[in-house]
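Here is a quick tour for anyone opening this structure for the first time. Have a look around, then read on.

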Amino acid sequence: MNLLELKDISKIYGNVKALQDINLEVSQGEWLSIMGPSGSGKSTMMNIIGCMDKPSNGSVILDGADISKESARGLTDIRRDKIGLIFQQFHLISYLTALENVMVAQYYHSMPDEKEALEALDRVGLGERAKHLPSQLSGGEQQRVCIARALINYPMLILADEPTGNLDEANESIVLDIFKQMHADGRTIIVVTHDPEVALQAQRTVVLEHGKVARIINNEQDTGR
Amino acid sequence: MFWRMISGALFRQKGKMLMIAFTVALGASLATAMLDVMLDVGDKVNQELKTYGANINVMPKGASLLDDLYGVEEGAGVSNQYLKEEELGRIKTIFWAFNIVDFAPYLDANVDVQLHSNAGSVTAASGTSTETSVSSGGSTSSGGSANVASGTAGVELVGTWFSHHLELPTGESLDTGIKNMKSWWDVSGEWPRDDQPTSALVGSILASQKGIDVGDTLTASTQGRQQDFTVVGIFNAGGEEDEQVYVPLLAVQQLTGRAGLVSSVEVSALTTPDNELSRRAAQNPKSLSIKEWETWYCTAYVSAISYQIEEVITDSVAKPIRQVAESEGAILEKTQLLMLLITVLSLVGAALGISNLITASVMERSREIGLLKALGAHNLPISWLVLAEILITAVVGGVAGYFAGIGFAQIIGHSVFGSAIDVKPMVIPLVAVLIFVVTLAGSIPSIRLLLRLRPAEVLHGR
């Protein structure tokens, strides 16, 4: 069953065609990577899938509903209820502790629950760093807080933009292990990345070039998984 | 969580918040200082202006009529009507009693004067007498001592209170008279004392014309009575008073046989600048509606105070000395307008400062706000969050600014008026409302910016 369908999606900024006639289906529980060089339209595609932008043409079907014509307020509600976002720059609130950063997502979703937020941090190995400010955490730790925040409201879709882009090898490995665990738990994950090694962890990789889908690689077939 | 976010923002971004609080404090302090000064400046300027003389003249009705009909400015004394000295204390019992700064009665008479100079000179002057004086038949000689001069002089002798102690019907007491009211008079020698009826203060022109010096003796005579006075001081007032002799009121009453009577009273009162209502009332108080009449009566307009004086002094007419009253009003209005303009400008400055700081702060936090939107926060909760932070900061800045403003007001009071400025409780809600409005107005650009922020733009540069 498809969780997400992109049908003839185009996005035009002035004279620039960032995306052209993108068609893509993502099934529930799938781990998909989106790769491509700079300017290929990866971030634009992520913004559209993540309900932070609307396509100029085409439709986006998420969980069976067309969201491409939703108002800004409607997109905010979908983002809050169905999508977990993970960013390359982590985007943690500098004056809140790790625990509070996770609770912010709960607060705008439903009700803050400190115990649950602490458990989420525990799952990413940061239970003992819960009271630390982002400035007191390493890059890998900040990314794990970001992951805990993305997971706290049990979203249908995890959308990660270069999740290991700012991490060293050791932390990249830790983060990828968490992603593997999320996938094993049945989460649907879309990862935008430059890194072929990261892309290879997904079941499929969509390669974008000049705003178009250049090819789709089935990693499981290629790697014999 | 809301308050955790607020406290996190406030305590972990102290630098930014202190800067906003400082700007608010600056605006609040200026507003407090200017409002305190503006509300007190009326009394202060009034008190300053009171040093330049009286602003109400009280006369008997008959004398006032002569003034109205024939333009006899000094109508008092040429009619047969007088005011009763015993009633003068009632002036301090009117509704606006606390606004009566000083008052002094006058009883004048044209008298013949003989100068007994210590230097042995001979001086005589003659003149016509008014109805209250008796013309003397010519020169008389006084051969008492070697340093005595003989002669006649038609001189205006003015009886008044210099610094008269008065027991009021209310049980209070005060010292009032021309010593306070004519503070610009330059007196060489001493002011006469009211309890020494034989002392005299001589105008500088008369003194120089007749060679009168401090210590000389003058014999004033009229209507067959005569009285010796010792010159205790020579004064220079810069006006027609310099040709007169001022003596204690009791002396002139005895000399003219008008015990307990005065011909006019000058009153110095703190007044509110005239407006259309007071001008109408001055023409005819009966033309006012009951509500207007109450407003007028309970406001310290010069016409209202005059009216209240007429109520307590039998058969009197109290007239504002328009030139003085209007000048005072004009100065007061201009001073208050100036203070108001400074207050408004300081608040506009504060609003601009706050607006810039908050806008800069929101721009600096655009990623954080974009993130909150990405996490599912709507515009309204985010606006509340930012506004709550700003308003809490504004309260801190406002309280600090209020107390700083009181300090500024005292500095202004002491450096400009030489006295403290009264701290008016009504300034607190005024400043609170002003700071609230200014902070909200200053936040509008940043809130608009915040509402327009799109998470994709600030998080991904799209």
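How many helices and strands are there in the secondary structure of chain B?

## Chain B at a glance

Keep in mind that you're looking at a predicted model. Chain B has 14 helices and 14 strands. Of its 462 residues, 45% are buried.

Take the contacts in chain B with a separation of 6 or more: 78% of them join residues 24 or more positions apart.

## Where chain A meets chain B

On chain A, 24 residues are in contact with 22 residues of chain B. Three helices of chain A each give two or more residues to this side: H1 (42–49), H2 (72–82) and H3 (98–109). H3(A) gives the most, with 7 residues.

What about the classes of residue here? The side of chain A that touches chain B has 12 nonpolar residues, plus 6 polar and 6 charged ones.

## H3 and its partner H4

H3(A) also meets another helix of its chain, H4(A), which covers residues 114–123. Two packed helices are described by the angle between their axes and the distance between the axes. For this pair, the axes come within 9 Å and cross at roughly 115 degrees, and the crossing is right-handed.

Which residues do the meeting? From H3(A) come A:Ala98, A:Leu99, A:Val102, A:Met103 and A:Gln106. Across from them, H4(A) brings A:Glu114, A:Ala117, A:Leu118, A:Ala120 and A:Leu121. By class, that makes 8 nonpolar, 1 polar and 1 charged residues in the contact of H3(A) with H4(A).

How values were computed: Residues are numbered from 1 along each chain as its sequence is written. Chains are lettered from A and ligands numbered from 1 in the order in which they are written. This is a predicted model: local features need pLDDT of at least 70, side-chain atom pairs count only at pLDDT 80 or more; totals for chains, interfaces and linings use all residues. Two residues are in contact if their C-beta atoms, placed from the backbone, lie within 7 Å. Helices (H or I, at least four residues) and strands (E, at least two) are DSSP runs, numbered from the N terminus. Ala, Val, Leu, Ile, Met, Phe, Trp, Tyr, Cys and Pro count as nonpolar, Asp, Glu, Lys and Arg as charged, and the others, Gly among them, as polar. A residue is buried if 20 or more other C-beta atoms lie within 10 Å of its own, exposed if 12 or fewer, and partly exposed in between; C-beta atoms are placed from the backbone. Axes are lines fitted to C-alpha atoms, for helices over the stretch in contact, and angles run from 0 to 180 degrees between N-to-C directions. A crossing is left-handed if the near helix is turned anticlockwise from the far one by less than a right angle, and right-handed if clockwise.
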